[in-house]
Amino acid sequence: MEAQFLYSLITGIFIGGVAGYLGSLMITKRMALVGDALGHVALPGVTLALIYGFSVSLGAFPILILGIILIWLFEMRTKLPMEALTGIVFTASVAIAFLFLPEEKVSTALIGDISQVGAWDTLISAILCILAFLVLRKIFSKIILANLSENLAKVEHIKVERYNFIYLLCIAIVVALGIKVTGSLLMGALVITPAAAARNFARSFSQYSYGALLIGSICCVLGIFAFKFFALPAGPLVILVSTLIFLISLIFKKK
Amino acid sequence: MSEVILKVKNLNVELGKEKVLEDLSFDLEEKEILVILGPNGAGKSVLLRTLLGLHPFKGEIIWKRNVHIGYVPDDFDVPPDLPLNVKEFFYFKKTNSSQISAAFQWVGMKNPPDFLEKRLGTLSRGQLRRTVIAWVLVDKPSIILLDEPMVGIDIQGRESIYNSLVRVWQKQNQAIILVSHEIGEVVKKADKVLALNKKKLFYGKPEEIITPQNLAKIYGSAISL
């Protein structure tokens, strides 16, 4: 197996896993589409990275942080619903990106290209994924309790605002990494679909979240192998594998 | 002599521009049970949340040092499709299985083993209520605040929960503050009753407070027990 393919595979396993794990939390918090919207918010950063030839995740991350801060500021100022403000920020981001995005890079920006990751990129992605996973695992139960009853969580000395901030930061990191695999357009599915499939199989929360992690990784492995054999773009294949697993999971869904 | 666990002096709470609580003063000692009565919108839940530090206020709320508070909120709804099961919910707190089964006994449920595997979202309202109360009790807080805890629980269940609360907690120096609509069996066991309608209406021993004339003043029309 050639080194380049191995790098793609390793990157995919780690990113798919942590995205699935995060997805189980995001679906629980009814925030599944946030991943999708943020994938679009990141586009100007992805565009910069593609023009100047550095890692798309590196380009995406600061723009994501900026986007999240903007949404948060707008919300403080206007009290409009979060989803409306997210809509404004993400469409503006797409518009800005397309003013500068070179035509030959459009597909890489939108559906990703994991065939070009290098050794360093792989290593850094893996480390960030492990870190994000460990942080998420630590805050998991607190976020869920706050979601069930914020007052109860506060009485139990959980700093709800602080944990929500850490959680948003993890989302930004995972979205920035996921764009490498599936691009801005498809990133949302990497968070939603494996977790949704796992929910159909799961009988407990740990089965749900770790199932989502496993399915996320498996989707990336199968998708990247399919890319190798069919010479079709990897991003869409990864997503279609996860859609297939979701369809299979419907059979197991307990009524 | 028992120690004072909570002292409230000249408490005022405004939400938005509206005065929700005016000039409340009361206190609570260890082992005591305080029942807060009042019509809907009287500010009972707001009072509990203010005591817990969840609302801004003017005046004084002084808790005993290092007090460990347990809170049973009135809003605890679980989406039916959430895969969280009862055991996982208890593991949010650092508990072991013997503590969990003890907590379930306190709320009158004796068969936790297969119950622990059930999803929270599939429990009936009454079961969920008892589970939340057991969850709050499991790490033995020194005072528990319960907001309408008996909603959705059958009469038998109410009796058993309330009896076990009184029994278990008074043995261990725990105090209880209970917000309730009911003026039946619950109030009779209380040490103090605070009748509330934004302002303090009555405050004292249940046998002094619970008279038909007072109830008419609290709830606005004649009520008999």
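Biologist: What percentage of the 225 residues in chain B is buried?

Modeller: First, this is a predicted model, where local features need pLDDT of at least 70, side-chain atom pairs count only at pLDDT 80 or more, and totals for chains, interfaces and linings use all residues. Residues are numbered from 1 along each chain as its sequence is written, and chains are lettered from A and ligands numbered from 1 in the order in which they are written. A residue is buried if 20 or more other C-beta atoms, placed from the backbone, lie within 10 Å of its own. In chain B, the buried share is 38%.

Biologist: What radius of gyration does chain B have?

Modeller: The radius is taken over C-alpha atoms, and the globule rule is 2.2 Å times the number of residues to the power 0.38. For 225 residues, a compact globule would have a value near 17 Å. Chain B agrees with this, at 18 Å.

Biologist: Which residues of H1(B) are buried?

Modeller: Helices are DSSP runs (H or I, at least four residues), numbered from the N terminus. H1(B) covers residues 44–51, and six of its eight residues are buried, so the helix is largely enclosed by the rest of the structure. The buried ones are Lys44(B), Leu47(B), Leu48(B), Arg49(B), Thr50(B) and Leu51(B).

Biologist: Which residue takes a positive phi just after H1(B)?

Modeller: The phi is about 85°. The residue just after H1(B) with this value is Gly53(B).

Biologist: Now chain A. Which helices do the buried residues of H2(A) pack against?

Modeller: H2(A) spans residues 32–41, and eight of its ten residues are buried, so it is largely enclosed by the rest of the structure. Contact means C-beta atoms, placed from the backbone, within 7 Å. The partners in chain A are H1, H3 (43–52), H4 (56–78), H5 (82–100) and H9.

Biologist: At what angle do H1(A) and H9(A) pack?

Modeller: Axes are lines fitted to C-alpha atoms over the stretch in contact, and angles run from 0 to 180 degrees between N-to-C directions. H1(A) is residues 3–28 and H9(A) is residues 160–201, with axes 7 Å apart. The angle is about 60°.

Biologist: Which elements give two or more residues to the side of chain A that touches chain B?

Modeller: Here 17 residues of chain A are in contact with 15 residues of chain B. The elements of chain A that give two or more are helices H7 (119–148), H8 (150–155) and H10 (205–230).

Technical notes. A residue is buried if 20 or more other C-beta atoms lie within 10 Å of its own, exposed if 12 or fewer, and partly exposed in between; C-beta atoms are placed from the backbone. Two residues are in contact if their C-beta atoms, placed from the backbone, lie within 7 Å.
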